[in-house]
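Trainee: Could you take me through one part of this protein closely? I would like to start from the whole and then settle on the middle of the sheet.

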Amino acid sequence: MNLQRILVLGKESEDIVRLVAAAGLEPVTEAPDVVLTYGGDGLLLHSEREWPGVPKLPLRVSRHGRKCEPHRVQTCL
């Protein structure tokens, strides 16, 4: 499965969208192959409600989700 169309969600996602494009992936606003959530649990749950069955890549914002290990966005992409 070749996943290339990524929908990025989150209040502070402008930098993430640039990293998605720099990684050779296509940032989209509809019909995504993957939904990347940059936030917390609520945003992840919202994304599943709006795009059920589409794979999710949850990335935490450093101020939230303190029990999650931080990951570099570039590594995850």
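To begin with, how much accessible surface does the protein have, and what share of it belongs to carbon and sulfur atoms? After that, please look closely at threonine 37 in strand β3.

Mentor: Happy to! Keep in mind that this is a predicted model. The accessible surface of the protein comes to about 5,300 Å², and carbon and sulfur atoms hold 52% of it. Of the 77 residues, 27% count as buried. The protein has 3 helices and 4 strands, and from the N terminus on these elements follow the pattern β-α-β-β-α-β-α. Among contacts with a separation of 6 or more, 39% are between residues 24 or more positions apart.

Now to the sheet. Its 4 strands form an open sheet in the order β2-β1-β3-β4, and the pairing is parallel. Strands β2 (26-27) and β4 (56-60) are at the edges with a single partner strand each, so one side of each has no neighbour in the sheet. Strand β3 (residues 34-39) is joined to β1 (residues 5-9) by 4 bridges, the two running parallel. Within that pairing, leucine 7 stands opposite valine 35 of β3. Helix α2 (residues 41-50) packs on the sheet, where it touches β1, β3 and β4, and its direction makes about 155 degrees with that of β3.

That brings us to your residue. Threonine 37 lies in β3, and its relative accessible area is 2%; since buried means under 20%, threonine 37 counts as buried. What is it in contact with, leaving aside its neighbours within four places in sequence? The list is Leu9, Leu43, Leu44, Ser47, Leu57, Pro58 and Leu59. Proline 58 is also the bridge partner of threonine 37 in β4.

The largest nonpolar core has 10 residues: Ile6, Val8, Ile16, Val20, Leu25, Val34, Leu36, Tyr38, Leu59 and Val73. The elements giving it two or more residues are β1, α1 (14-22) and β3, and β3 gives the most, with 3 residues. Apart from this core lies another one of 5 residues, including Leu7, Val28, Val35 and Val54. As background, nonpolar side chains in soluble globular proteins tend to be buried together. One member of the largest core, valine 73, is in contact with Ile16, Leu19 and Leu59 once its neighbours within four places in sequence are left aside.

Glycine 24 is exposed, with a relative accessible area of 62%, whereas threonine 37 is buried at 2%. Glycine 24 and glutamine 4 are 20 residues apart in sequence, yet their C-alpha atoms are 8.2 Å apart in space.

So, for your close look, picture threonine 37 as a buried residue of β3, with proline 58 as its bridge partner in β4 and Leu9, Leu43 and Ser47 among its contacts.

Methods. Residues are numbered from 1 along each chain as its sequence is written. This is a predicted model: local features need pLDDT of at least 70, side-chain atom pairs count only at pLDDT 80 or more; totals for chains, interfaces and linings use all residues. Side-chain values use heavy atoms; hydrogens and water are left out. Two strands pair if DSSP finds at least two bridges between them. Contact means heavy atoms within 4.5 Å. Axes are lines fitted to C-alpha atoms, for helices over the stretch in contact, and angles run from 0 to 180 degrees between N-to-C directions. A nonpolar core is a set of buried Ala, Val, Leu, Ile, Met, Phe, Trp, Tyr and Cys residues joined through side-chain atoms within 4.5 Å. Buried means under 20% relative accessible area, exposed over 50%, partly exposed in between (1.4 Å probe, protein chains only). Accessible areas come from the Shrake-Rupley method with a 1.4 Å probe; for residues, only the protein chains shown count as cover.
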